[in-house]
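Here are my notes for anyone opening this entry for the first time. Have the viewer ready and take the points in order.

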Amino acid sequence: MERAERWAYGALWAALGGSLVLRAARRDVVLGRALLVPLALLAALQSLCRACLPLPLGLALAAAAACLLLRRAPPRRLLPVAGRAVLVTGCDSGFGQATARHLDALGFRVFASVLDPRSPGAQELQKSCSPRLTLLQMDLTKPEDIQRVLQHVQAHTNSSGLWGLVNNAGFNDIIADAELSPLGNFRTCMEVNFFGSLELTKGLLPLLRSAGGRIVTVSSPAGDLPFPCLAAYGASKAALSLLMDTFRSELQPWGVKVSLILPGYFKTGTCDPAFWNLQKQQLVARLPQELLQAYGEDYVEEINRQFIQFMKVAVEDLSAVVNSITDGLLAANPAVRYYPGQGLGLMYFIHRYLPYFVRDLFLKGLFINPKLPRALRPEQHTAAKEA
């Protein structure tokens, strides 16, 4: 009987602990000193139940107390929105558009940058939001656009400062091996994902420092892990993540908090098979003949086919990312890194603790597993010997 009690009450504590950790991971509660007294009272109640009540009744009473503790666990403290201004980049679609709309609904004064204010996405955003939201045209590869946005934001926030910058705008237009990816694609990814965000962030730092504000940047797990065929995009996101981690350290004395968002795969504006088929055709047309012979056109075709297949599992509900961005802006103590999305915990566990070959196999199984290049296939070696 005593052994059964230990197992039963042990399972109760395991369930309670798991629930608290899960809610903390979702940023719903704070695991801190405020929980010590309720947990101590629960432990005391459990001891009384074990001493005075039969197992079924005592366990039921302890479980009810545990449920009450979960319901009364201290929520994360969020700061008030009133009067705060935030700039969100890349609001034409996807995370940026959803975030701008959500922040506007919360009462923020939102500056939303878009590539084209006349685009359907920009017009939809303007119509669905309050007059507080301002659309600003900006291409992060054009310094004159960045300077115009900086001047506008400074003119309208000079007295109060800027509370938040959400670096969301990102770019990728190639899915291919690093050797097959033209240098121009690497440069464009770096211009948008790294240098553009760097120039904008540096330009807004005086306003952010005066407000003791927040910088929230949407990066990618591809900047931490070597996803197959994402070299150009991954390298730019790796640079961006390291830059923001450096800003986080350097801006601590000023009271500016910096957070990274590393989302799983969500359905955004780049999930269009027609776009990727066109990019594949253009890549094949531009490849040097020697590379095309070594890899084979069917190699590129297979990568594109697998990527389009992968797009079908993209999550349509963007709320997990939007909530993480909002927490980074409003939580009294925001996380350094947020991981919204499914499977990221397992992915990073494999990356950090298992051998590299296990991680590589996992990423190929999850994302893209390229076929053998033409020059390495057995039939090519046979043909070469016969010749």
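1. Start with a helix pair. In this predicted model, the axes of helix 4 (residues 94–106) and helix 5 (residues 120–128) come within 10 Å and cross at roughly 10 degrees. Angles under 35 degrees count as roughly parallel, so helix 4 is roughly parallel to helix 5.

2. Who makes that contact? On the helix 4 side you'll find Q97, A100 and R101, and these meet G121, E124, L125 and S128 of helix 5. Sorted by class, the contact of helix 4 with helix 5 has two nonpolar, three polar and two charged residues.

3. Now zoom out for the overall picture. The protein chain has 15 helices and seven strands. Its C-alpha atoms fill a box of roughly 90 × 65 × 40 Å along the principal axes. Of the 387 residues in the chain, 46% count as buried. Among contacts with a separation of 6 or more, 76% are accounted for by residues 24 or more positions apart.

4. The aromatics deserve a look of their own. The count comes to 11 aromatic pairs. Take W276 and F307: their ring centres are 5.1 Å apart and their planes are at 80 degrees, so this pair is edge-to-face. W276 belongs to helix 9 (residues 273–286) and F307 to helix 11 (residues 297–311), so the pair ties together parts that are 31 residues apart in sequence. Are these two buried or exposed? Both W276 and F307 are buried.

5. Compare that with F349 and Y353. Here the ring centres lie 5.2 Å apart with the planes at 45 degrees, so the pair is tilted. F349 and Y353 both sit in helix 13 (residues 344–353), four residues apart, which is about one turn of the helix. F349 is partly exposed, at 43% relative accessible area. Y353 is exposed, because its relative accessible area is 60% and the cut-off for exposed is over 50%.

6. W276 and F307 turn up again in a cluster. One aromatic cluster is formed by F227, Y265, F275, W276, F307, F310 and F367.

7. The charged end of R84 sits over the ring of W163, at 4.0 Å from its centre. R209 lies over the face of W254, with 4.5 Å to the ring centre.

8. Which residue has a positive phi although it is not a glycine? That would be C229, with a phi of about 70 degrees. C229 is found in the loop between strand 5 (214–218) and helix 8 (231–250). Its relative accessibility is 7%, and since buried means under 20%, C229 counts as buried.

9. Last stop: S113, in strand 2 (residues 109–114). With a relative accessible area of 2%, S113 is buried. What is around it? Leaving aside neighbours within four places in sequence, S113 is in contact with L87, V88, T89, G90, C91, D92, L136 and M138.

Technical notes. Residues are numbered from 1 along each chain as its sequence is written. This is a predicted model: local features need pLDDT of at least 70, side-chain atom pairs count only at pLDDT 80 or more; totals for chains, interfaces and linings use all residues. Side-chain values use heavy atoms; hydrogens and water are left out. Rings of Phe, Tyr and Trp (its six-membered ring) pair if their centres lie within 6.5 Å; planes under 30 degrees apart count as stacked, over 60 as edge-to-face and the rest as tilted. Helices (H or I, at least four residues) and strands (E, at least two) are DSSP runs, numbered from the N terminus. Buried means under 20% relative accessible area, exposed over 50%, partly exposed in between (1.4 Å probe, protein chains only). A charge sits over a ring if NZ of Lys or CZ of Arg is within 6 Å of the ring centre and within 35 degrees of the ring normal. Axes are lines fitted to C-alpha atoms, for helices over the stretch in contact, and angles run from 0 to 180 degrees between N-to-C directions. Angles under 35 degrees count as roughly parallel, over 145 as roughly antiparallel, 65 to 115 as roughly perpendicular and the rest as oblique. Contact means heavy atoms within 4.5 Å. Ala, Val, Leu, Ile, Met, Phe, Trp, Tyr, Cys and Pro count as nonpolar, Asp, Glu, Lys and Arg as charged, and the others, Gly among them, as polar.
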